Amino acid sequence: MSSVPTPSETETAPNPDVETGSGAAMSWQRQLAAAIRDPRALLARLGLSAADVPEAGVEAGLPAFPLLAPLSFVRRMQPGNPADPLLRQVLPTSRESEARPGFVPDPVGDAAARSAPGLLHKYHGRALLITTGACAVHCRYCFRREYPYQHDPRRIEDWEPALAALARDQTITEVILSGGDPLMLTDDRLEQLLHRLDVIDHVERLRIHTRLPIVLPARITDRLLSLLLSLRCQPMVVVHANHGNEIAADCRQALQRMVRQGLPVLNQAVLLNHINDTTEAMEELCRRLINIGVIPYYLHQLDRVTGVGHFETTDATGRRIVEELARRLPGYAVPRFVREVPGATGKTPI
């Protein structure tokens, strides 16, 4: 699962009583510390009760994979709406305990692709580093919610075997930083890791897969942008938004800032039942993304990890949505509908 961050990973400050201090915006670490972790508190903030969402996990809170939702993300939810598409992405429910055939702990074959501690090598020319188990939000459909993060590196010296493997394999031209979320690392730790990768001559691109610009936009700081733009390798940022309502307020500003600084930014969405499984919802997401220069990259079919079956919809639904998007939007604004198949040479078009 995606673990709750530790102070050493995020330099998290004590939970503040207010969201700003001394007239200045709070740091991303303080905003993370202020994130909502109690389902009752989240519902109350939206003017809802447990009776409005009977399946909500307000009693036990599903402690193995607890609620975590930053206030920036919560502010974009619609008060009084128990079916809000952002709320549904983060609120624990009793349906996560339902056993469904075909839903397994490792649906994408991460274990089989592990070639060194923290290093996954699935596709030719690309390798992926599990940089941390920490996230700023706990998405209920997370395909790595069962991943054994405790076996992967934490200190920079623990990365030596993975870095050595990357340096030896001259076929690898792109390294993907994933997790968890790599932007949960402090700037110092992220800089150390990026610079170690940047000096590997045959690595041409460094790709960061992150949800923080969406759920915790304050993470997009001057220092972070300067770091990414200083690299020899071409940096790529792949963000993860599923619904148009996410692309608003400080999130929209952070994404637009990255694009206008010259960073290529792409978006991956996951097809989710009763969240974005209509053409209208996906069209709105794609329009909001492309209007700020973010390219809709993939629409993923749900990865069938244990506990997420209630989010699944059909392949036919996804195909119909993408076909209708192609009639409504320019080609660059239409994502590819894909699934990840263990052992395949890349994402599999549906």
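Student: Which side chain does Thr279 join in a polar contact?
Tutor: That of Glu324, at 2.3 Å. A polar contact here is a pair of N or O atoms within 3.5 Å; within protein, one must be able to donate a hydrogen and the other to accept it, and residues adjacent in sequence count only if both atoms are side-chain atoms.

Student: What sort of model is this, and what goes into the values?
Tutor: This is a predicted model, in which local features need pLDDT of at least 70 and side-chain atom pairs count only at pLDDT 80 or more, while totals for chains, interfaces and linings use all residues. Residues are numbered from 1 along each chain as its sequence is written, and side-chain values use heavy atoms, with hydrogens and water left out.

Student: What is the average pLDDT of the chain?
Tutor: The chain averages 91, and 91% of the residues score at least 70; pLDDT is the predictor's confidence in each residue, from 0 to 100. Over residues 1-24 the pLDDT is below 50, though this stretch has 66 contacts in the model beyond near neighbours in sequence. Contact means heavy atoms within 4.5 Å.

Student: Back to Thr279. Buried or exposed?
Tutor: Thr279 is buried, at a relative accessible area of 1%. Buried means under 20%, exposed over 50%, and partly exposed in between (1.4 Å probe, protein chains only).

Student: What does Thr279 touch, leaving aside neighbours within four places in sequence?
Tutor: Arg320, Ile321, Glu324, Leu325 and Arg328. Thr279 itself lies in helix H11, residues 279-290. Helices (H or I, at least four residues) and strands (E, at least two) are DSSP runs, numbered from the N terminus.

Student: What do the buried residues of H11 pack against?
Tutor: Strand S9 (265-270), strand S10 (295-300) and helix H12 (315-328). Among those buried residues are Met282, Leu285, Cys286 and Leu289.

Student: And which residues of H12 are buried?
Tutor: Thr317, Gly318, Ile321, Val322, Glu324 and Leu325. They cover an arc of only 165° around the axis, so they sit on the same side of H12; the arc is that of the directions from the helix axis to the C-beta atoms. They pack against H11, S10 and strand S11 (336-339).

Student: How far does H12 reach from its first C-alpha to its last?
Tutor: H12 has 14 residues and reaches 20 Å, close to the 20 Å expected at 1.5 Å a residue. The expected span is 1.5 Å times one less than the number of residues.

Student: Changing topic, how many salt bridges are there?
Tutor: The count comes to 29, taking a salt bridge as a side-chain nitrogen of Lys or Arg within 4 Å of a carboxyl oxygen of Asp or Glu.

Student: Which residue meets Lys122 in a salt bridge at 2.7 Å?
Tutor: Glu340 does, N to O. Glu340 is in the loop between S11 and strand S12 (348-349), Lys122 is in strand S4 (residues 119-123), and the two are 218 residues apart. Glu340 is buried at 14%, whereas Lys122 is partly exposed at 26%.

Student: Which Lys forms a salt bridge with Glu340 at 4.0 Å?
Tutor: Lys347, where 4.0 Å separates the closest N and O atoms. Salt bridges that share partners join Asp110, Lys122, Arg144, Glu340 and Lys347 into one network.

Student: What does Arg339 pair with?
Tutor: Asp315, in a salt bridge of 2.9 Å, N to O. That pair links strand S11 to helix H12, 24 residues apart.
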